[in-house]
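Please read the numbered points with the model at hand.

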Amino acid sequence: MVKNEHSPTDTTTQSPQLTLKEILHPIHNRPFDPSNYIDARERPLTSNLRCSLKSPLLTKSGCCIVTRDYIYFQPASGVFTSTASKAICWKISDVVATARRYSGLKDVALELYFVSNGSGGCVDVPKRRYGRSSSSGSSGSKTSSTSSSSSSVLLAFETTKERERVLHLLPRQIPCHTDASFLQQAYVAWKTSSISNFEYLLLLNSAAGRTY
């Protein structure tokens, strides 16, 4: 009896199976779409930084771009589409504080705090703020619509170096909750009753990473 060389059990004629990493590679490495800029005159200060936008129940993979006025996050699109997703952006002038964070066991994340009516200074307590989704109107002009409300956003980068690169592009007057100098100023403000016990505890929790 002659064996059928093209039997279903013959693996030599089967096409190679793609791994999950190979399938996701073109999605995660899709470049930032310039049409997502709020202002067409904007120029990126960074390359396409692969990162994740994290929330307590959801993680979105994508890429991050920093310009002079905005921080953009473009979610990864599906494998069956060639068009980039609409980006979420946050105005840098709305950022009042930052904090270095861990993502899993890696020190690669950055939390950005926003306020709507803060009193200023280095010990602002985060209030409520909105992210913006960049989109185009029917006339072709850029508009900004509000997305989910949040007091802060957490971006997890691939390396600590990339996180620090974004952090150093922010204005120097924006305090970092995890810096020793900020904690010292917060202690002095609490000791002199410039902030309440509750506000001081919020700042200590933020410095300790107890936000996400």
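The points below go from the basis of the model to its fold, its charged pairs, its rings and its cysteines.

1. Basis. The model is predicted: local features need pLDDT of at least 70, side-chain atom pairs count only at pLDDT 80 or more, and totals for chains, interfaces and linings use all residues. Residues are numbered from 1 along each chain as its sequence is written, and side-chain values use heavy atoms, with hydrogens and water left out.

2. Overall fold. The protein contains four helices and nine strands, where helices (H or I, at least four residues) and strands (E, at least two) are DSSP runs numbered from the N terminus. Their order from the N terminus is α-β-β-β-β-β-β-β-β-β-α-α-α. Of the 212 residues, 37% count as buried; buried means under 20% relative accessible area, exposed over 50%, and partly exposed in between (1.4 Å probe, protein chains only).

3. Salt bridges. The structure holds eight salt bridges, each being a side-chain nitrogen of Lys or Arg within 4 Å of a carboxyl oxygen of Asp or Glu. One of them joins aspartate 39 and arginine 41 at 2.9 Å, N to O. Aspartate 39 is partly exposed, at 28% relative accessible area, whereas arginine 41 is exposed, at 68%.

4. Arginine 50 and glutamate 158 form a salt bridge whose closest N and O atoms are 3.3 Å apart. Arginine 50 belongs to strand S1 (residues 49-54) and glutamate 158 to the loop between S9 and helix H2 (160-169), so the pair ties together parts 108 residues apart in sequence. Arginine 50 is partly exposed, with 29% relative accessibility, and glutamate 158 is partly exposed, with 42%.

5. A network of charges. Which residues are linked in a network of salt bridges? They are Arg100, Asp107, Arg163, Glu164 and Asp179. The side chains of arginine 163 and glutamate 164 meet at 2.7 Å, N to O, and both residues are buried.

6. Serine 152. This residue is found in strand S9 (residues 152-157) and is buried, with a relative accessible area of 6%. Its side chain makes a polar contact of 2.7 Å with that of glutamate 111. A polar contact is a pair of N or O atoms within 3.5 Å; within protein, one must be able to donate a hydrogen and the other to accept it, and residues adjacent in sequence count only if both atoms are side-chain atoms.

7. Aromatic rings. Rings of Phe, Tyr and Trp (its six-membered ring) pair if their centres lie within 6.5 Å; planes under 30 degrees apart count as stacked, over 60 as edge-to-face and the rest as tilted. By this rule there are six aromatic pairs. Tyrosine 70 and tyrosine 72 form a tilted pair, 5.8 Å centre to centre with 45° between the planes. Both tyrosines are buried, and Phe32, Tyr37, Tyr70 and Tyr72 form one aromatic cluster.

8. Cysteines. With a disulfide taken as a pair of cysteine sulfur atoms within 2.5 Å, the count is zero. Cysteine 64 is in no disulfide, and the nearest cysteine sulfur, that of cysteine 51, is 4.8 Å away. Cysteine 64 is buried, at 0% relative accessibility; cysteine 89 is buried, with a relative accessible area of 0%.
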